[in-house]
Structures are given as structure tokens and as C-alpha cells.
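Please examine the sequence and the structure shown here. How are the strands and helices of this chain arranged, and which residues lie buried or exposed?

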Amino acid sequence: MLQAENITKRYADNKVLRGVSLRVDRGEVVAVIGPSGSGKSTLLRCLIDLERVDGGRIMVGGETLVDSQAGGYAGKAALRRVILKMGFVFQSFNLFPHLTVLRNVTEAQERVLKRSKREARERAMEVLDKVGLSDKASEYPYMLSGGQQQRVAIARALAMDPQMLCFDEPTSALDPLLTMEVLRVIKGLAEEDRTMLVVTHEMAFAREVADRVVFMKEGTVRCEGTPEEVFDHPEVRAFSSQAPKP
């Protein structure tokens, strides 16, 4: 589904990604873990074109997003088509505060996918029901808890019918109780065999839900494999022993 090869990214003299390669197969859940500043979120932002890479190749669903050795980034129409294959959930929710929950979930459907208001509303109510928030459709983001806002953000991503979901530290802004309600939703999506890439600091979640775990440090992939293999790696054992316990 997704293949990234030898991705490099720098900000001035700071090399954030140093030749990172990553793959996500269809129906697979891949968790990316590692200390702060290891390049996890930057990698994710590069994969969905929120940041431009300095070098490397990214393919999504068999189409090229960028290939630095073969002309750089795809054209505007191809870029749009490739990016729409991926849904993105931000750590800070990024909901429109002046729109109701329902409008937050229908807006992109109508503007980007050109769905009718009726079609967009029907799809919105389906995904809001999936995340347990169909009764909040007429409320505004400020009326919701952080966990509920994040579930609306997940519903908004689902409503676009992406082939793959990407999460950037989806629980980092939440307290432990709200974290659990969001993780339950993501676990439910994993049980549906959805393709997902999750940057997370939740070690228990990575162990329990991920098919593969990727451990990053200092802009490189230090190890990857099954949760059992990765969490038995000496660097990962040292890192996870220092991570906050739930």
C-alpha cells in the first residue's frame, strides 16, 4: 500500500530524516515509536505531502508521490489523487471551531469529493455512529471533551473513504481516561483490517494492536519487525523502560 525509500529531510543544518525506508502492506497496522525528536512525525508529514522531502521515493497504492531520482514530485492532479488515498488524524484535532460536528465531517466530502449534501450527511452519520458520537452531530467542538474531539477527527478522516489511515500521536493531548476511549476506536478499526500507520508513544497499544513496529531514533530506523521482535531489541527495551506508564 505504501512504500517509502531512503527518505531524507533537513531544516537548515538539522538533518531530521537520514535515509528512512518504510513500508505498509494492505490490511496492516504499523506503529512507529521512538523518543521525541527522532523524526517520527516529520516522516508522517512527508508521506502525506505536508512536508517536502529532500530526497527519496514515496509510492502510495502503486502511484508515485515523489521520486527524487526521476523528476521529483508528481504533477498537481496526480498528487491530489495520491494524497486522497490517505486519511490523516492530527494530534491537535484541527477541527473547525465555527462548524458543528456534522459540518466538520461533511465539509471536505462536499468540497473535495463533490458529494451532495444528502450523500455527505449520510456518510457522516455512519462514521459518527462508528466512533460513538452520532448523538453529538449538532454540537460544536468546544462542547466536547478532547477525546470526543479526536473521535470526530477520526470520523472526518473515515468519511473520505481513504485506503489508508495515518495517525500522528493521536492521544498525546489527552489524559489517560480520554486516551483509552480514542485507542478503543483505533483498535476497532484495526479489527476491520484497515490499513493504518500510527505514530504513537503508547507502548502497550503498539504491542497489542500493531502487526509491525518501527523504532526510530535520531532520524533513522534502528529496528523493525513484529512487536515481540522489536520490544526485545536492547535499544527499545531501554526506551520503553523510560516511557511513562499508563
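The model is predicted. Its open sheet has five strands in the order 2-1-4-5-6, with antiparallel pairing.

**The sheet and the helices on it**

- Strands of a sheet pair through backbone hydrogen bonds, in either a parallel or an antiparallel manner.
- The edges of this sheet are formed by strand 2 (14-24) and strand 6 (72-73); each has a single partner strand, so one side of each is left without a neighbour in the sheet.
- Eight bridges join strand 1 (residues 2-11) to strand 2 in the antiparallel sense. Asn14, in strand 2, is the bridge partner of Tyr11.
- Helix 1 (residues 40-47) packs on the sheet, where it touches strand 1, strand 2, strand 4 (55-60) and strand 5 (63-67). The direction of helix 1 makes about 65 degrees with that of strand 2.
- Helix 2 (residues 76-83) also packs on the sheet, in contact with strand 4, strand 5 and strand 6. Its direction makes about 115 degrees with that of strand 5.

**Helix 4**

- Helix 4 (residues 117-130) has 14 residues, which should span 20 Å at 1.5 Å a residue; the end C-alpha atoms are 20 Å apart, in agreement with this expectation.
- Ala120, Arg123, Ala124, Val127 and Leu128 are buried in helix 4. Seen down the helix axis, these buried residues fall within an arc of 135 degrees, so they line one face of the helix.
- The buried residues of helix 4 pack against helix 3 (101-111) and helix 5 (146-159).
- Arg118 and Asp129, on the other side of helix 4, are exposed.

**Gln149 in helix 5**

- Is Gln149, at 17% relative accessibility, buried or exposed? Gln149 counts as buried, because buried means under 20% relative accessible area.
- Gln149 lies in helix 5. Leaving aside residues up to four places away in sequence, Gln149 touches Phe93, Leu95, Pro141 and Leu144.

**Helix 9**

- Val236, Phe239 and Ser240 are buried in helix 9 (residues 234-242). They fall within an arc of 95 degrees when seen down the axis of helix 9, so they line one face of the helix.
- The elements covering these buried residues include strand 3 (29-33), helix 7 (203-209), strand 10 (212-217), strand 11 (220-225) and helix 8 (227-231).
- On the other side of helix 9, the exposed residues are Pro234, Ser241 and Gln242.

Methods:
Residues are numbered from 1 along each chain as its sequence is written. This is a predicted model: local features need pLDDT of at least 70, side-chain atom pairs count only at pLDDT 80 or more; totals for chains, interfaces and linings use all residues. Side-chain values use heavy atoms; hydrogens and water are left out. Two strands pair if DSSP finds at least two bridges between them. Helices (H or I, at least four residues) and strands (E, at least two) are DSSP runs, numbered from the N terminus. Contact means heavy atoms within 4.5 Å. Axes are lines fitted to C-alpha atoms, for helices over the stretch in contact, and angles run from 0 to 180 degrees between N-to-C directions. The expected span of a helix is 1.5 Å times one less than its number of residues. Buried means under 20% relative accessible area, exposed over 50%, partly exposed in between (1.4 Å probe, protein chains only). The arc is that of the directions from the helix axis to the C-beta atoms.
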